[in-house]
Amino acid sequence: PVPQADAKKMLQKMLSLPLCRSKGSSSLILRAAPRFLSSSIAPRSPCANGSRLDRGSFPAVSNAVAATSWHGLVSRQLSTGSSEEAYFERCKAEAEAGIAEAMFELGMCHLAGRGCPMDEKAAVDWYQRAADLGHMEAQYNLGVCHYYGRGISPRNPAEAVKWYQKAAEKGHTAAEYALGMCYEKGRGVDKDTNKAIEIFAKAADHGDAAAQFKLGECFYYGRSGLEENFEKAAQLFSLAADQGLAKAQYQLGLCHYYGQGVESSESKAAHLFLRAATSGHPQAEYQIASCYYSGRGVEKSLDKAVEWFEKAASQSHPVAQYSLGQCYYYGRGVAKDEDKALQFYRMAASQGHAQAKYWLGIILQQKQQSKA
């Protein structure tokens, strides 16, 4: 892990990096939709013990229950044992009295269906009222709703940019990241990759894991106007990985595996793959399975290899499906089973995996010959 003070100095230095012209297209794939809030710790949906989870990336409005920042209001609700209906009525009374925070909370109730029917349009109405009063998180959520057209028709990226900008100016890191994506993609604003990098760097400096990862990708691939720099990429991946971002853990694992910007270490790579795989990252699941299969960075274990191949295969990872087919065909880590091998070869072949198609053909030909 990079010490916090060193991390801040590193990122501040990166903010002053000169930009160069990128070759070819500088656009990147939007790997995760803007998060629904929050710059603070986000709670799980109400439960008896009021447990909380660290914030992460949430791809859609429908997941907002898990990603909502409640600023302690949920803990008060849970500790007093009040029902969702009572909490809704309390928020409604305070919102109608003009309290911006209550307006925001009421919007979240409508969005998640807490104490009331789920109603995205009503949620947007209350976000708008709170946003007009300067509520930072309502401004961000309103931006997300405009961007995706949730509770609003038609979707309006330009209006989303407006509200992302307002929230970002108040230091909302998820809004900064979302605004950077808009500039990078040219959605709701003229495309400006230099501006996008400046915003990503600012969000990364503020500790946003997604922005740290994004900026790391730009250095890793030499995209969006930045020179390829594996060392800076690995440093940024490390910052994001320390915050539990699975894709950053996976990417940092690859850096260690291939010795890109960091020392080459199969054991460190395997450790990072396992961390990311435990969070359900399919590529990491495949990579740690491969490590167990070959004994690279970990003690060889065909049983564990099959376990992780199965997890990755269940997420439609074609190479994992093919590898699992091989395990069943040869009886490695599992009992030999040609029918199951055929099943996994079919799965991988349907996704275009060339070797799976070859083995599928071999087995089918053998079956035909045996019948003849």
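1. A search of the whole structure, which is a predicted model, returns zero disulfides. A disulfide is a covalent bond between the sulfur atoms of two cysteines. For Cys116, the closest cysteine sulfur belongs to Cys109 and lies 5.8 Å away, which is too far for a bond.

2. Confidence. How far does the predictor trust the chain on average? The mean pLDDT is 82, and 78% of the residues score at least 70. Residues 14–80 have a pLDDT below 50, although this stretch has 158 contacts in the model beyond near neighbours in sequence. Where pLDDT is low, the predicted coordinates should not be read in detail. I would ask that any discussion of residues 14–80 state that their pLDDT is below 50.

3. Overall organisation. The secondary structure of the chain comprises 19 helices and two strands. Of the 372 residues in the chain, 48% are buried. The chain exposes about 17,200 Å², and carbon and sulfur atoms account for 48% of that area. When contacts between residues at least 6 apart in sequence are considered, 53% of them join residues at least 24 apart.

4. Nonpolar cores. In soluble globular proteins, nonpolar side chains tend to be buried together. Here the largest nonpolar core contains 44 residues. Which residues have the most contacts inside this core? They are Tyr140, Tyr164, Leu179, Phe200, Leu215 and Phe237. At least two core residues are supplied by each of α7 (136–148), α8 (157–169), α9 (173–185), α10 (193–205), α11 (209–221), α12 (230–242) and α13 (246–258). A second, separate core has 36 residues, among them Ala246, Trp308, Ala312 and Ala356.

5. Phe104. This residue is part of helix α5, which spans residues 100–112. Phe104 counts as buried because its relative accessibility is 0%. Its C-alpha is 9.4 Å from that of Gln139, a residue 35 places away in sequence.

6. His146 lies in helix α7 and counts as buried at 9% relative accessibility. Leaving aside residues up to four places away in sequence, His146 touches Ile152, Arg155, Asn156, Pro157, Glu159, Ala160 and Trp163. The loop between α7 and α8 holds Pro154. Ser153 and Pro154 are joined by a cis peptide bond, with omega at about -5°.

7. Aromatic pairs. A pair of aromatic rings is described by the distance of the centres and the angle of the planes. The count comes to 21 aromatic pairs. Tyr147 and Tyr148 form an edge-to-face pair, at 4.9 Å centre to centre and with 70° between the planes.

8. Tyr345 is in helix α18 (residues 338–349) and Trp359 is in helix α19 (residues 354–371), so the pair ties together parts that are 14 residues apart in sequence. Tyr345 counts as buried at 0% relative accessibility, and Trp359 is buried with a relative accessible area of 16%. Ring pairs also link Tyr345 and Trp359 with Tyr322, Tyr329, Tyr330 and Tyr358 into a cluster.

9. Backbone geometry. Most residues other than glycine have a negative phi, and most peptide bonds are trans. Ser224, in the loop between α11 and α12, has a positive phi near 55°. Ser316, in the loop between α16 (302–313) and α17 (318–330), also has a positive phi, of about 65°. Which of the two serines is buried, and which is partly exposed? Ser224 counts as buried at 1% relative accessibility, while Ser316 is partly exposed with a relative accessible area of 42%.

Definitions and conventions:
Residues numbered from 1 in each chain as written. Predicted model: local features only at pLDDT ≥ 70, side-chain atom pairs only at ≥ 80, totals over all residues. Heavy atoms only, no water. Helix = DSSP H or I, 4+ residues; strand = E, 2+ residues; numbered from the N terminus. Buried < 20%, exposed > 50% of the residue type's maximum accessible area, 1.4 Å probe, protein only. Core = buried A, V, L, I, M, F, W, Y, C linked by side-chain atoms within 4.5 Å. pLDDT = per-residue confidence, 0-100. Contact = heavy atoms within 4.5 Å. Areas by Shrake-Rupley, 256 points an atom, 1.4 Å probe, with all protein chains shown as cover. Disulfide = S-S within 2.5 Å. Phe/Tyr/Trp six-rings, centres within 6.5 Å; stacked < 30°, edge-to-face > 60°.
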